[in-house]
Amino acid sequence: MLLPLMGRMPMPRYGPKTVMHASSPRCLTSACTNRIMPSAEPEDNTPLERPAMRILLTNDDGIMAPGLLALRAELATRGDVTVVAPATPQSAVGHAISVSQPLFCQEIDLADGVRGFSVDGRPADCVKLALLVLMKDRKPDLVVSGINHGANVGINVLYSGTVAAAIEGAFYGVPSVAASLAFSQSMHFREAARLVCRVVDQAVARPRGDKSMLLNVNVPDLSQREPRGLRVCRMSIPPSREEMIRRADPRGRPYFWITGGEVPAGPADPESDQVSLADGYVTVTPLQFDLTDVARLKAVAAWNLSLSE
């Protein structure tokens, strides 16, 4: 499905706090500060302030990653952003969580001067810690994970710590978005952040009956051209072409590097995320964490499996 990349849409449920204009009869303006002050006797129809949207931001590239900083700056124009991210890069850790060691968390200054929570754990750990402890009394309205340094399409979605963090948010009933930028020699994270947030704007403006909304957004290489548009598409299924490179350390012991993973090993669906991204489109793929093969349930039940010998 091909959709245009629209500009920012209004978010009817959430938004910045209501600000009265100086021309309003219910406001008084201070000559010293130029600050708009509420009238001592507001009328009954004074508009109520809407709370800003609460956003939890995480990633798998680490709390100092440029993709996270760019996305934080853009999301901050939409609501209150709380950063809870891994202290070190955690690429390709999938949905791992820390069960055999404690999680250490400290509040630090990010490169842009904003405070954030650095967690000695995995991306999924960060979301759990945020929802169960750090934001327990102010549950976020949205979880955003990214922007990842490199695309997360096809089977790589299963290995991605970026996607896993978004899945964790959806586990807890919070609408979640994973965002990634295709790799290039010059990563244009600021431009990618603006594109991702256009998708976020439109997603959160929809009716919110389904709180487990989970979207995987990928932005193509922006170093050569603007995106050709946006496609809502399925995840590519064919496995990627991979290879194990064998080498030896100075003591002669063998070790291996996994290479490849970007090119499908077989024919790819032209409507898939992998092909659409390569063709220059921003891709949006709705995901689900229920791995049940519903289509095969009846067939397996018909096998009449039993424990008898």
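## Exercises on a helix pair and a ring pair

In this predicted model, Pro 66, Gly 67, Ala 70, Leu 71, Glu 74 and Leu 75 of helix H1 are in contact with Phe 189, Arg 190, Ala 193, Arg 194, Val 196 and Cys 197 of helix H4. Sorted by class, this contact of H1 with H4 comprises eight nonpolar, one polar and three charged residues.

**Exercise 1.** Describe how the axes of H1 and H4 are arranged relative to each other.

*Solution.* Two packed helices are described by the angle between their axes and by the distance between those axes. The axes of H1 (residues 66-75) and H4 (residues 189-204) come within 8 Å, and they cross at roughly 50°. Angles under 35 degrees count as roughly parallel, and those of 65 to 115 as roughly perpendicular; H1 and H4 are therefore oblique to each other. As to handedness, the crossing in which H1 passes H4 is right-handed.

**Exercise 2.** Determine the geometry of the aromatic pair formed by Phe 171 and Phe 289, and state which parts of the chain this pair ties together.

*Solution.* The count comes to one aromatic pair. The rings of Phe 171 and Phe 289 lie 4.5 Å apart, centre to centre, with 80° between their planes. Because planes over 60 degrees apart count as edge-to-face, the pair of Phe 171 and Phe 289 is edge-to-face. Phe 171 belongs to helix H3 (residues 161-171), whereas Phe 289 lies in the loop between strand E14 (281-286) and helix H6 (294-301), so the pair ties together parts that are 118 residues apart in sequence. Finally, Phe 171 is partly exposed, with a relative accessible area of 42%, and Phe 289 is partly exposed, with a relative accessible area of 35%.

Definitions and conventions
Residues are numbered from 1 along each chain as its sequence is written. This is a predicted model: local features need pLDDT of at least 70, side-chain atom pairs count only at pLDDT 80 or more; totals for chains, interfaces and linings use all residues. Side-chain values use heavy atoms; hydrogens and water are left out. Axes are lines fitted to C-alpha atoms, for helices over the stretch in contact, and angles run from 0 to 180 degrees between N-to-C directions. Helices (H or I, at least four residues) and strands (E, at least two) are DSSP runs, numbered from the N terminus. Angles under 35 degrees count as roughly parallel, over 145 as roughly antiparallel, 65 to 115 as roughly perpendicular and the rest as oblique. A crossing is left-handed if the near helix is turned anticlockwise from the far one by less than a right angle, and right-handed if clockwise. Contact means heavy atoms within 4.5 Å. Ala, Val, Leu, Ile, Met, Phe, Trp, Tyr, Cys and Pro count as nonpolar, Asp, Glu, Lys and Arg as charged, and the others, Gly among them, as polar. Rings of Phe, Tyr and Trp (its six-membered ring) pair if their centres lie within 6.5 Å; planes under 30 degrees apart count as stacked, over 60 as edge-to-face and the rest as tilted. Buried means under 20% relative accessible area, exposed over 50%, partly exposed in between (1.4 Å probe, protein chains only).
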